[in-house]
Amino acid sequence: MSLDPAIAARLKRNDAGLVSAVAQERATGDVLMVAWMDDEALARTLETRKATYYSRSRQQYWVKGETSGHTQYVHEVRLDCDGDTILLVVDQEGAACHTGTHTCFDSDLLLGAQS
């Protein structure tokens, strides 16, 4: 698969050719996780509606839930105004975080809301 050239032209990649991707749960608005995508991962996601990321540590593509069963069905894909972050609005099945929690952002609250 290849990414539409018009979309590719809008992306601002880091030195490794990657763009950060934020997964947000459609039903709750919860930010679930942050991962990385390159052009191929984004093209695969747009084609299949299965969240596909690029693993920097394994240097390979991974479809969220392919081995764990904790899948992300992609409803929307948005590019931020700077072209350096992708937002995936997903239906999450199971835990989003590799630790087994619903979201990667539910354990370390650094600052809470004021009353």
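Because the model is predicted, local features need pLDDT of at least 70 and side-chain atom pairs count only at pLDDT 80 or more, while totals for chains, interfaces and linings use all residues. Residues are numbered from 1 along each chain as its sequence is written, and side-chain values use heavy atoms, with hydrogens and water left out.

Let us start with the record. UniProt, in an unreviewed entry, lists residues 33-105 as "domain: Phosphoribosyl-AMP cyclohydrolase". UniProt positions are given here in the numbering used for this chain, with shortened feature names, and annotations may be inferred rather than shown by experiment. Over residues 33-105 the chain is 14% helix and 40% strand, and the end C-alpha atoms are 7 Å apart. Helices (H or I, at least four residues) and strands (E, at least two) are DSSP runs, numbered from the N terminus.

The unreviewed entry also gives "binding site" at Cys 81, Cys 97 and Cys 104. These residues span 24 residues in sequence, and the farthest two C-alpha atoms are 26.7 Å apart, so they do not all gather at one spot. Of these residues, Cys 97 and Cys 104 are included in the lining of the largest pocket. On a 1 Å grid over the protein atoms alone, a pocket is an open set of points with protein on both sides within 12 Å along at least five of seven lines, where a cavity would be a set in which a 1.4 Å probe fits but cannot get out; lining residues have an atom within 4 Å of a point.

Where do you find Cys 97? Look in the segment after strand E6 (85-92). Cys 97 is buried, with a relative accessible area of 8%. Buried means under 20% relative accessible area, exposed over 50%, and partly exposed in between (1.4 Å probe, protein chains only). Not counting residues up to four places away in sequence, Cys 97 touches His 102, Thr 103 and Cys 104, where contact means heavy atoms within 4.5 Å. Cys 104 is also found in the segment after E6, but counts as partly exposed at 33% relative accessibility.

Asp 80 lies in the loop between strand E5 (72-79) and E6, and is partly exposed with a relative accessible area of 26%. Asp 84 lies in the loop between E5 and E6, and has a relative accessible area of 32%, which makes it partly exposed. Leaving aside neighbours within four places in sequence, Asp 84 is in contact with Lys 12, Val 19 and Ser 20.

Next come the charged pairs. Side chains of opposite charge can pair when their charged atoms come close. The rule used here calls for a side-chain nitrogen of Lys or Arg within 4 Å of a carboxyl oxygen of Asp or Glu, and by this rule the count comes to four salt bridges.

One of them joins Arg 26 and Asp 91, with the closest N and O atoms 3.2 Å apart. This pair links distant parts of the chain, with Arg 26 in the loop between strand E1 (19-25) and strand E2 (31-37), and Asp 91 in strand E6. Although 65 residues apart in sequence, Asp 91 and Arg 26 are 5.8 Å apart in space, C-alpha to C-alpha. Arg 26 is partly exposed at 48% relative accessibility, and Asp 91 is partly exposed at 25%. Beyond residues up to four places away in sequence, Asp 91 touches Arg 26, Thr 71, Gln 72, Tyr 73 and His 75.

A second example is Glu 40 with Arg 44, whose closest N and O atoms are 3.0 Å apart. Both lie in helix H2 (residues 39-48), four residues apart, about one turn of the helix. Glu 40 has a relative accessible area of 21% and is partly exposed, as is Arg 44 at 28%. Arg 78 and Glu 76 also form a salt bridge, with the closest N and O atoms 2.9 Å apart.

Finally, turn to the surface, where Ile 7, Leu 46 and Val 77 form a nonpolar patch with about 200 Å² of accessible area together. Patches are made of residues with over 30% relative accessible area and no salt bridge; like charges are joined within 9 Å, and nonpolar side chains (Val, Leu, Ile, Met, Phe, Trp, Tyr) within 5 Å. Ile 7 is found in helix H1 (residues 5-10) and counts as partly exposed at 31% relative accessibility.

Terms used:
Accessible areas come from the Shrake-Rupley method with a 1.4 Å probe; for residues, only the protein chains shown count as cover.
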